[in-house]
Amino acid sequence: MTVFNGGILGIGHRMLHSLRNVLERDYGEAATASLQEAGFAASEDVYAAFTRWLHERAGVADPADLAVEHLFTALGWGSLSVERVGGGGLAVDSGDWAEAEPHANALTPGCHVTAGLLAGFLGQLADQDVAVMEIECRTRNDSRCRFLAGSQETLQSVFDAVASGKSYVEALG
């Protein structure tokens with residue numbers, strides 16, 4: 001087992017599922033923003049721990065030198081694939097993401113902590129603000145979790161397009 005230090009705690013998948021379920025039950029849609037905010041707050045410690053781990057274990061000084069697909073696998077979050085989508089977006093996909101609760105029959109995506117965590121983590125990696133939204137989720141019975149990352153303006157236009165019935169691929173052009 002890989003041990004991370006510097007403020008990183010290991011928690012189980014069921015804890016994330018239970019936290020989301022309880023907060024959504026008690027606070028409805030307000031839980032989404034709170035969980036995203038918590039994930040974003042955690043991103044600084046996760047990024048710092050990952051940077052130390054990369055240097056100690058792989059001799060890599062800067063996480064930007066490593067393919068982003070490997071960034072969260074080492075932390076136990078699940079496997080990732082990354083691809084460019086349209087002119088201004090990045091898609092981060094996983095078929096086994098830890099925060100997802102397969103077959104929960106949710107009406108909306110449920111990996112809220114991850115959305116915040118990825119926004120902060122990718123923002124530090126890119127050295128600029130990055131917004132993230134989950135567009136597909138195994139908690140909603142999709143085959144994968146798909147997170148879109150880009151500027152706030154880009155993701156707002158994706159959100160607006162999806163709300164008006166267009167696909168996010170169309171919105172990203």
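Ground rules before we start. The model is predicted, so local features need pLDDT of at least 70 and side-chain atom pairs count only at pLDDT 80 or more, while totals for chains, interfaces and linings use all residues. Residues are numbered from 1 along each chain as its sequence is written, and side-chain values use heavy atoms, with hydrogens and water left out.

Overall layout. We have 5 helices and 4 strands. These are DSSP runs, numbered from the N terminus: H or I of at least four residues for helices, E of at least two for strands. In sequence order the pattern reads α-α-β-β-α-β-β-α-α. The radius of gyration is 16 Å, close to the 16 Å from the globule rule for 173 residues, so the chain is as compact as a globular protein of that length. That radius is taken over C-alpha atoms, and the rule is 2.2 Å times the number of residues to the power 0.38. Along the principal axes, the C-alpha atoms fill a box of roughly 50 × 40 × 25 Å.

Next, burial and surface. Of the 173 residues, 40% count as buried. Buried means under 20% relative accessible area, exposed means over 50%, and partly exposed is in between, with a 1.4 Å probe and protein chains only. The accessible surface is about 9,400 Å², and 52% of it belongs to carbon and sulfur atoms. Areas come from the Shrake-Rupley method with a 1.4 Å probe; for residues, only the protein chains shown count as cover.

Contacts now, meaning heavy atoms within 4.5 Å. Take those between residues at least 6 apart in sequence: 56% join residues at least 24 apart.

On to the cores. A nonpolar core is a set of buried Ala, Val, Leu, Ile, Met, Phe, Trp, Tyr and Cys residues joined through side-chain atoms within 4.5 Å. The largest has 31 residues, and Phe 72, Trp 77, Trp 97, Val 132 and Phe 147 have the most contacts inside it. Two or more residues each come from α2 (30-58), β2, α3 and β4 (145-150). The largest share, 7 residues, is from α3. What does Phe 72 touch, not counting residues up to four places away in sequence? Its partners are Val 46, Trp 77, Gly 78, Leu 80, Trp 97, Leu 117, Leu 118 and Phe 121. A second, separate core has 10 residues, including Val 85, Ala 131, Leu 155 and Tyr 168.

Two buried loop residues. Val 130 sits in the loop between α3 and β3. Its relative accessible area is 17%, so it is buried. Beyond four places in sequence, Val 130 contacts Ala 119, Leu 122, Gly 123, Ala 149 and Gly 150. Ala 119 is 11 residues from Val 130 in sequence, and their C-alpha atoms are 5.3 Å apart.

Thr 139 is in the loop between β3 and β4. Thr 139 has 1% relative accessibility, so it counts as buried. Among its contacts beyond four places in sequence are Arg 20, Glu 99, Asn 105 and Gly 110.

Which residue in the loop between β2 (89-94) and α3 (112-126) comes up here? That is His 103. Its phi is positive, about 65°, although it is not a glycine. His 103 is exposed, at 66% relative accessible area. Asp 127, in the loop between α3 and β3 (131-136), also is not a glycine and has a positive phi of about 60°. Asp 127 is exposed too, at 70%.
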